[in-house]
Amino acid sequence: MKKAVKYWCGFVMLLCLFTVFTAFLPGYPNASLKFPYKQAGLTPEQAAAHLLSRFTYGATPGEVEEVSKIGPEKWFAQQLDAQLPDDSLNQLLNKYDALKLSNTEVVAQYPKGAQVLRMAIRDGVVNKDSVKTDRKAYRDQLQNYMQQNGLKPEQELLRQFINQKILRAAYSNNQLQEVMTSFWFNHFNVSIVKNDCSQYIPAYERDVIRANALGKFNDLLLASAKSPAMLYYLDNFSSSGNKDNMEQSNRPIRRRLMQQMQGTDTGRFANMPKINKTKKAQGLNENYAREVMELHTLGVDGGYTQQDVTQAAKVLTGWSVYPMGTYGQAGQKLMNRIGDEKLQSRGFVHEGDFLFNPNKHDSGEKTVLGHHFAAGGGYEEGVQLLNMLAHQQATARFISKKIAVRFVSDNPPQSLIDKMARTFMNKDGDIKQVLITMVNAPEFWSAAAVREKTKSPFELAIGSVRSLHADITQPYQLFNWINKMGEKMYYYQAPTGFPDKGQYWINTGALLNRMNFGLALASGRIPGVKVDLAALNNHHEPESAQAALITYSKIIMPGRKLDETIKRLTPMLNDPKLMEKVGEASAKTPATTAVPVAASDEMMDQQAGLKGKRKNNFIAMQSASGNNSMLAQVVGVIIGSPEYQRR
Amino acid sequence: MVSRRGFLKSGGLALLGVGLLGGIPGFLAEAAASEKILSPYKKKKTLVCIFQRGAMDGLMAVTPFTDDYLKAARPNLFMSAAKSGTNNPLIDLDGRFGLHPAMKAFEPMFREKRLGIVHGIGSPNNTRSHFDAQDYMESGTPFNKGTSSGWLNRAVGLLGHDALTPFTAVSMTSAMPRSFYGDNPSVAISNLQDFAIQMRGNPAGANIAAKSFEDLYDQTASGLLKQTGKESFEAMKMLQKTDIKNYTPANGAVYPSSALGNSLKQIAQLIKMDVGLEVAFAESNGWDTHFNQGTENGIFARNVADLSNSIMALWTDLGTYQDDVTIMTMTEFGRTVHQNGTGGTDHGRASCNFILGNDVSGGLVYGDVKPLAVENLEDGRDLTVTTDFRSVFSSVADKHLAINNDHILFPDWKGDRVNVMKG
């Protein structure tokens, strides 16, 4: 009864909220969204559960009912609009002062270790010989120097960045936008492992990926191509045409700029004093041109040749990063002296962090995929090239398949991919439209798709947090677990991004860690991640251990058939030694949120062998408030169970 | 071809036998019944690869000490093979090359022809970026970034049989290294003790949870989860047979208490447990010596001491398993011939590597190191790459693991092998 009242209150509140939301709604009229889940034999709840499993990081308690009440189409339209208020999330994010910084500010405030060292030596604060004699003294000197100059270590920037991703994924109301941000980041992967690009990654995710995650593919592609993170990650910043084909008119500027701009170059110790940099290799670098075709647009079987790669690389020469930071000071001064207007008249393009440098551009004629670029072209031919790649049939198929793999199954049906690819072509690569075609298709709702995906470690961790309404105060603790389970976010080295298939995530070491994660989370042993299991059930005490199992399975895995899981777990509850063992251990070493167990009650019950003792035990343990160890064990096993690994 | 299920079946049979004993946990009884669970597949050849991240100065590790150009280019770093005063000289290997004195543990292995050295080894791609060079060396495709798999993962696929156990390929690192990326089963784990269901301070709860998990995974409809679940619990039990935490190395071997020492100690444990380890990977860090790299003492000396002492501890510990193991080091590039302004060396091109094992045709410094006159240097500053790393790696993979499909192991590569192995 009590429960029913609570639900009723919930509905009223929701209804109120929704009247508010509908005012902001339009954009995607429900007419264009028609989900054929009934034809697939799904109930509205099952449809809602499936939808939430695909386009969020996991349903929060009660969310399945909410969505089925609003109507799945309406919910999806809101997610496509991505305009839901996120006040409480934003409040959490306000604590992180690095998140709003531009790349220029990041470079100035979070310099790399080698940069700091160089500055400290220059300012005479650190004696370079002290490295040898006294490592601690040297470290202290450096630390003082940084504090005095308001400099912070790059690690702090990356910590804030990783924390924000975890908080957004866990708490954002605009879940689809966050899921698509992860998808596109992985598609246009850059890696913290590559030192040259690491400090540009926060702005990359914010300005390039998240900003375009539900926009047009072409915009996303162009923005990534021009971002410092990608320019450094795939080396295009360094690519230059051969001398015969370079513009002759700007020779003096070119020479000076070339010298100055070597500065933004590779390696932690680039530009250290006296280090020999004169032999810097110059010339064409094909890395970006190859990967933009193989991984970002056409796909490896997209019908391009090595000749196309080389020609495309030439088209993209001169795409570079505007000088910034202490290394870029000289370059900046020079640019300022010449002035944007004059630079523009000479074919330079300066947009934010991006600089097109015509002096590094190969101005000869080129042909890519049969498209001819006449001699004498500049920045615009690169834009044309990317635009052309974004609109190829092969690209439409490749991107559609990748989206279908992400949201439908590891092996999506070709019929679905074809539909999506048609939309991609007809709607100018509009990502929302491609998603709509996918969700409107029967293939999305088929039995072959439901629960066919395996959660990645990130999805498992964030999904658990959402399932349990956990309160995160130390997001980085979750990052460490996600790493342990096999997904070191933002550190994947290869431009392919993490493979998106179950076989990749599920291996022996990783699987045991998933189980351990469930147990650690539920028993409150992940510092800074608090769960209140009793509150999940509105502090309504289950009447028996069995009832607890059933209740919590339903809260954590709504919309699923759980008979088998429950049947399998029941023996655990009936293990006569469990209470004793768990109770003892828990009493000896309380968890962070642990509760003293009413040991005397328990012992009495056991000695007496009373009927219904389990019930009493349970309640006794429960009544000590917070999480009892039995409940924690049950919930931990649910999270580590095979059923919960799927979505 | 023995399938992956072969392993499970053997585990299952053992468990069935245990049933007769009644009540005793399966893994304990197994341990009692047969010391080595995988006796049908025992004695696998194992290749242990060690990646020295940061680029080792090959010219200081193995110095061409008769080269006056080098002496001139490194006024503060050059070491001599001649004893003078209290200095520890280089260990003269062959009248031309001298081993760094901190690597004296290697000397007997070289004299016994078990240790081979390749000098002038590196990548044909002349990038001097750590990231790119490691990426290329580990993918095995120096001109293609998009290669999704790593060369050691491809090696696992070429072993000629399915992975017999979860321990066929193990990387002692917290994250999967680039060398292991790919579809063939491999595990990254920095501590073998993590291979268990754990609840801190609550072993009884952990045991019960483990039983529940095992049952759940056994019954799940998902083939992938069911199979991997089974393997995980079998693997866990295999490791539980041994007291990993209180392991005592054999033959008086002493591992340095370093990250590398710890990794190699655990690799030794896996090898000696006969759990089917065939490809092992470990990392050694701190080779990016731009500052004060030192000579007989200092950062570099500490690094090479750790490297050689860790490897020799593994070798000693292996005892009768030595015939089955080859250990090979690799590093992304070498360092400048000239010392820099801060008592170190900068990013260069070629370096050297070490290969230890009874299958190795050792006692030689392989490769082609020309006098270090400017005209012989790559870009006028670095030791020229004269041996493509793939020509050595492929030879070791073939002779030790019988992997002879270079076309798959190193696609795009058409060079000749440098045969550093016997036979």
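**Exercise 1.** Determine what share of the contacts in chain A with a separation of 6 or more comes from residues 24 or more positions apart, and what share of chain A is buried.

*Solution.* Begin with the criterion, by which two residues are in contact if their C-beta atoms, placed from the backbone, lie within 7 Å. Among the contacts in chain A with a separation of 6 or more, 76% join residues 24 or more positions apart. The model is predicted, so that local features need pLDDT of at least 70 and side-chain atom pairs count only at pLDDT 80 or more, whereas totals for chains, interfaces and linings use all residues. Residues are numbered from 1 along each chain as its sequence is written, and chains are lettered from A and ligands numbered from 1 in the order in which they are written. Next, of the 647 residues of chain A, 52% count as buried (20 or more other C-beta atoms within 10 Å of the residue's own).

**Exercise 2.** Describe the side of chain A that touches chain B, by helix and by class.

*Solution.* First, 65 residues of chain A are in contact with 59 residues of chain B. Helix α28 (residues 508-522) of chain A gives the most to this side, with seven residues; helices are DSSP runs of H or I with at least four residues, and strands are runs of E with at least two. By class, the side has 23 nonpolar, 25 polar and 17 charged residues, where Asp, Glu, Lys and Arg count as charged, Ala, Val, Leu, Ile, Met, Phe, Trp, Tyr, Cys and Pro as nonpolar, and the others, Gly among them, as polar.

**Exercise 3.** Work out the strand order of the open sheet in chain B.

*Solution.* The three strands follow the order β2-β4-β3, with antiparallel pairing, where pairing requires at least two DSSP bridges. The edge strands, each pairing on one side only, are β2 (62-64) and β3 (91-92) of chain B.

Key: A residue is buried if 20 or more other C-beta atoms lie within 10 Å of its own, exposed if 12 or fewer, and partly exposed in between; C-beta atoms are placed from the backbone.
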